[in-house]
Every structure is written in C-alpha cells, then in structure tokens.
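Keep the sequence at hand.

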Amino acid sequence: MQYGSWFGGLLGGDLGESLITGRPVAEAIGPRVLNSLSLAAISLAIMLPLSLVLGVAAAYLRDRAFDRGFLGLSMALNATPEFVTGTLLISLLATNVLRLVPPVSVIPPGDLPWWHPEALVLPVTTLVLGGSMYLSRLVRISYIDVLSSEYIEMARLKGLSTARVLFRHALPNALGPAIPAAMLVAAFVVGGVVVVETLYGYPGMGSAVVDAARDRDVPKLQALIMLIAAIYFVLNLVADLIPGRQRVRRGRG
Amino acid sequence: MSTTAVPTVMAPGAVRGMRRYLRSPQLRLGCALLVVAVAVAVLGPFLTPFDPSVSIGPAYAPPGSDGMALGGDQIGRDVLSRVLAGGVHLLWMAPLAALSSVAAGAALGLTAAFHGGIADVLLMRLMDVVLAFPTIVFALLFVSIIGPQPWLLVLLVAVALTPGVARVVRGTALPLMSREYVQWGRAVGLSSSRLLWREILPNVTSPLAVELGVRLMIAINILASLSFLGYGIQPPAPDWGVMVSENRNGLSSQPLSVFAPIVLIVLFAAGGNLIAEGIARVMARSEGKDER
C-alpha cells in the first residue's frame, strides 16, 4: 500500500516529505542534483580527452619507458579505493605538502559549483584519476589492435605522417570499442560521487545519500537512490546500444 | 572416482602450468604484497603492544610519545596496535565475497553458455538488473535498512560482483560449446552436470583465476569504502577503513594515523590486482597472442 502510493507520487513528480525537516524531498535534493551533475560533467569533460591522449601515446610508444610507466601507474591507481586516492590528494595539495586548495569543498546554498573552482579541484582530480586509468587502458588496447592492421601498414608505407596515421586513419576504428567503455566510465563516475562527495564534504547527491542513510530519512533516501539508479541505468543502456563496430574505409586509397 | 587417479592425470600439465605462472614478475610481486597484508592481518592481533581500544596518550600524540611507535589517533589510542588489529574483518570478508562471487558467476555463466536459448537470455538479463545499480549505492540501501551486519556486507558485495564474473565466464565458455570434446560428450550421452563440471570447467580455470584476483581487489575497495563511509565495520572496533575516516582531521598534525592503514589497504588490493594481471599476461602469451 505504502509503496503503491509512493510509486504513484513518484510518477507524478511528488517524492514525499523529508522525515527530518518535513520539507518536500524534491526541494531539498534539487540543488544537490545540480551540484553532482556539474561535478560529473566537468570530470568527464577532462577525463575523456585525457584518456584518449594517454591511451594513444601508450599504444604508439608501446613497450617503451612511457608505456611501462603508464601501465604501472594505472595498475596502482586501479587498485586504490577513491577515498584513499582522495586522502592522499588532500595531503599533497591541501595540507601536508602544499596548500594550494581548501581540503573541504564548500559551496554555499544557492551558489552554482563553477563559481567556486577551488572547491572543485580535489573532487574532480580524484574522479579523473580513477576513471581515466581504466578508460585509457582500453583505448591503448584498442589502438594496438588497429595499429597492427593492414590498412595502417598501408598508410605508413605510403609515407603519411605519424600524426595523420594516428588521428585520421586509426582514430575512427579505435574509438568503436572505446565509446561504450566511456559510457561505463560515466556510470562509474555517478557511483563514485558517493565516496568522493563524502570525503570532501561536497554538497551533492552522493553526500546526501550518506546523510539520509545516517538519519534514516527513508523518503529522501528512496528518492536519491531511485535517481542515481536511473542515471546509472540510462548510461549503461546507452553503453549497450552503441555497437563497438570496426569500420574500414574503402574506395580511394 | 579414486582419489589417486586425479593427480596422475592432472600432474604433468598442472605442474608445468604452475611453473609458467610463477615466472611472471607481476604474479610474484602480487603474491608478496598479499602475503605481507595477510600476515599483518592474521598475526597482528596477537602482536599489539597496547590494547587497541584504550587511550594511552593525548589526541594525535606524535610518533614515539608514550611508547607509541606510530603515535596516537584522534583519542590517543595507539595507531600501531589499531593497524595490527584492524585487518581481521577485511581479511575474511573480502576473500569470502570474492570467492562466492566467482563461484556463483561461474555457475551462472557456464549454465547460460551450456543451455543457451531462454535460460541464457533470462540469466543474463537478471545479471543486467543487478549491474544497473552502482555497487556502493546498492550496499548503502540495504545496510541502512537492515544494519551494518558483516554477513550482509559480504552477501551484498558478492551479489554485486557476480554479474561481471558471469559475463566473462559465459563469454569464455561459449566458443567451447562447439568444440569436438563437448560434442563428443553430448553424443555419448554424458550427463550435462558431468560434462559441465568435469570437462568444460577445467578449460575456464585460468580466466576464473584472473576474475578471482580482480574481484578480490574490488571487494577490498568496496568493503574499505563502506567502512570509510560509516556503513561497514562500526567505529569503536579497529578497522583500516574506519581509521582513515576517524583520523582524517589529524592528517596535518599526525599523518601516520591515516597513512598506516592506507598502506595496508593498498598492499592488499594491489596484491589481488597484480596476481590477476600476471595470470592474464601468461594466458595471453601461451595463447600465442601479443603480450599486452
């Protein structure tokens, strides 16, 4: 019964009232959602081009010092939980070594996140470090496959420049498998905001989930989890729908 | 089946396989890291110089004061004792969750690949449903309703990790279904359970070993993160994830209170990751593919 009325309200846009403040849930989480989406969007805007460049560079310099260093670093970062990477970043950039940015991300209510770039540095860096290591490894593997194919050999034999071969000829085919992976990374960022926002006290959906779970504020928790699951689900769906297909251009050689 | 028959059939190939794996530098380093982390977690509780739950000195006492080699934590408890005592939970919970997810994922993936058709579609769509929730959010939901019970944490992590294993196992097993030995098995009327567990399973052990290493790393990450968020092991108890969370405010005055547990979490997780990486590389090499 309760679930039915809650679900009915959800469809109509009514998320119920918070048990703690008594105010409508939608009003309380609206700004939080905006803050989190901004954080995720900025992180992805940095992460995607960075992963592409790192992955291409490592594939091109395969088995050289750069590639080995890249693989070692990505393995280490992959094994490190985000709260650990984040704590190390706080130590490095905000407390023990340098004091460039504040260790806590304060965004006063009513302000938009990008008015406070100093508050975004640490959360964005933490998310970018986690996500780009996974994605750039996929780009690297995909590029190694493409670079060893016949048509790239042909382009090289024709004497085309390295940059032209890497970006004009290899890029379209190497991106095929990488695009669904990028969507999965976007989904990973949506999940990752929970830990990262809590670590830096960033006022977003993730820290709201942790607060609501602590306060046992069930209506708020339900609304937030539904929202995060919905975003995550849509991104996973897009990742499944984009086929990782290989195209070989034919025609003029 | 007599017990002696198995080793004589298995031995030569298995021994050569083991030696091949042991030559991989990643695998050796991974095993070394894992041994260090496990040794600290297992032996640590018996070696604590102080009671890990009793305050010895002032808050964030510097290293060396009051006989505390690594200093004190937020309420003056001995950091060294808490680090030594704080790995037990992670030590049994993470491997148990990883093993359960690999076992369940292998069973589901093999069943889906072997039977195909409607069973395959249903099982894999079910896996997609579980995958549709970010693991941490999924765990927070249930933990906030039922409470932070250790068995619940293990169960949630195992369930969240199963679909990934099932996908990999199904993908590895599908091409095997058209192999001659499977068709021979079907033709001579072997029972499907015998065919699955005795004939097909041995051919997917290497990918399963890789999955076990990867899932161990992820299980450690999730369980430590949940402790950090306050939804795993509960604060008075010593735990590496909890320590990072409760001593964060002392990061600038007593960094060791945060770094000591961090080092152990990373050693543990990196060990699992390196073992997976090492096995994957040896596999790729033995299949004649390029080493990546």
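A helix crossing is left-handed if the near helix is turned anticlockwise from the far one by less than a right angle, and right-handed if clockwise. Helices here are DSSP runs (H or I, at least four residues), numbered from the N terminus. The model is predicted: local features need pLDDT of at least 70, side-chain atom pairs count only at pLDDT 80 or more, and totals for chains, interfaces and linings use all residues. Residues are numbered from 1 along each chain as its sequence is written, and chains are lettered from A in the order in which they are written.

Start in chain A. Helix α5 (residues 117–147) and helix α7 (residues 162–200) of chain A have axes that come within 8 Å and cross at roughly 160°. Axes are lines fitted to C-alpha atoms over the stretch in contact, with angles from 0 to 180 degrees between N-to-C directions. α5(A) is therefore roughly antiparallel to α7(A) (an angle over 145 degrees). Their crossing is right-handed.

Now turn to the two chains together. The predictor gives the complex an ipTM of 0.81 and a pTM of 0.84. The contact takes 33 residues from chain B and 32 from chain A, a contact being two residues whose C-beta atoms, placed from the backbone, lie within 7 Å. On the side of chain B that touches chain A, α6 (135–146), α10 (205–229) and α12 (256–286) of chain B each give two or more residues. The largest share, nine residues, comes from α12(B).

How far can chain B be trusted? Its pLDDT, the predictor's confidence in each residue from 0 to 100, averages 82, and 91% of the residues score at least 70. Over residues 1–12 of chain B, pLDDT stays under 50. Where pLDDT is low, the predicted coordinates should not be read in detail.

How values were computed: Angles under 35 degrees count as roughly parallel, over 145 as roughly antiparallel, 65 to 115 as roughly perpendicular and the rest as oblique.
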